[in-house]
Amino acid sequence: MTELEKLRPSDAAIRHLVRRLVDEPDRWALFLDIDGTLIDLAATPDAIQVPLSLRSDLSAVSARLGGALALVTGRSLPYADRLFAPHRFPIAGLHGAQFRGADGKVNAVVETPAFADIKLRLLQQTAWMEGVLIEDKGAAVAAHYRLAPAYDKALEQIMRAFAEEAGPDWVLQPGKMVFEIRPSRADKGEAVASFLEEPVFAGRLPITIGDDLTDESMFALANARGGKSIRVGSLSTETCALAKASSPSAIRSALATIASTSADRTASAS
Ligand SMILES: O=P(O)(O)OC[C@H]1O[C@H](O[C@H]2O[C@H](CO)[C@@H](O)[C@H](O)[C@H]2O)[C@H](O)[C@@H](O)[C@@H]1O
Ligand SMILES: [Mg+2]
């Protein structure tokens, strides 16, 4: 059974996507979220598993698209790079606040002493909440409650207060079993807009694929530019994505198919 045949009937948008990317590799640019989109969610941030083939499939798809593939993630740049080493893709980290274009140049918000102090006090104030994990990402911080769901409201209150104290350069970013404080300078939509100004991406239509609230801004950007937006997983909240995919596994199957389909075998992908 081929990777495409493994897809569920509800993954029609993914089959269509594969056809588009195989048939028209010069027309599209691909923007991919990481957690919950490329990689299955796990109990803790460090418990994720990156399938070995995903790295090489991403690299092959990127080559096929002439390099017009970028990762757009809430993770920090160094963390995301480690996940896909030895490959290094154009990437936006911290939900858009860190940016490395196709030319390799990095533009990133740096943490201030005041923000470092907030992170320290956040650790102290949540130390009693068994199961709550604080993920220090430099200029952003995430408070995870996947292992302690009873603390969601208490944690939201604490994070809201710290986000307010941090001032207008930071903003509260809710996500899947997590509250984050991230730089407000750029969101994922603005990051995708910046990529589209680079020569490698310019003139192409954006395809954005994500699974969470933070991805809504890049869905909206893709919709406004005549591209495609795909939300992965079950929809517990409203989304402006125009299509859906059942799971990260469906996205990986699509990438594997594109990676292994040579240009003269286009017809077999449909
Ligand atoms: O924008 P993304 O690439 O999807 O990153 C969003 C956040 O993902 C991570 O947290 C989420 O995934 C964890 C691992 O599966 C899971 O344990 C957690 O509950 C999820 O919220 C990551 O830890 C964050 O830093 C990212 O911002
Ligand atoms: Mg995600």
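Trainee: Before we start, what should I know about the model and its numbering?

Mentor: Residues are numbered from 1 along each chain as its sequence is written, and chains are lettered from A and ligands numbered from 1 in the order in which they are written. In this predicted model, local features need pLDDT of at least 70, side-chain atom pairs count only at pLDDT 80 or more, and totals for chains, interfaces and linings use all residues, while side-chain values use heavy atoms, with hydrogens and water left out.

Trainee: Which residues come nearest to ligand 1?

Mentor: Let's begin with the surroundings, where near means having a heavy atom within 4 Å. There are 22 residues around ligand 1. Those that come nearest are Asp33, Thr73, Arg146, Lys176 and Glu180.

Trainee: How far is a polar backbone atom of Lys176 from an oxygen atom of ligand 1?

Mentor: Think of polar contacts, here pairs of N or O atoms within 3.5 Å. The side chain of Glu135 has an N or O atom 2.8 Å from an oxygen atom of the ligand. For the backbone atom of Lys176, the distance to a ligand oxygen is 2.6 Å.

Trainee: How much of the accessible area of ligand 1 does the protein cover?

Mentor: Accessible area comes from the Shrake-Rupley method with a 1.4 Å probe. On its own, ligand 1 has 570 Å² of it.

Trainee: In the hairpin of E6 and E7, which turn residue has a positive phi?

Mentor: Strands are DSSP runs (E, at least two residues), numbered from the N terminus, and two of them pair if DSSP finds at least two bridges. E6 (residues 133-136) and E7 (residues 141-144) are antiparallel, with 4 bridges. Between them lie 4 residues, and the one with phi of about 85 degrees is Gly138.

Trainee: Which peptide bond is cis?

Mentor: Most peptide bonds are trans. With omega near 10 degrees, the cis one runs from Ala85 to Pro86.

Notes:
A polar contact is a pair of N or O atoms within 3.5 Å; within protein, one must be able to donate a hydrogen and the other to accept it, and residues adjacent in sequence count only if both atoms are side-chain atoms.
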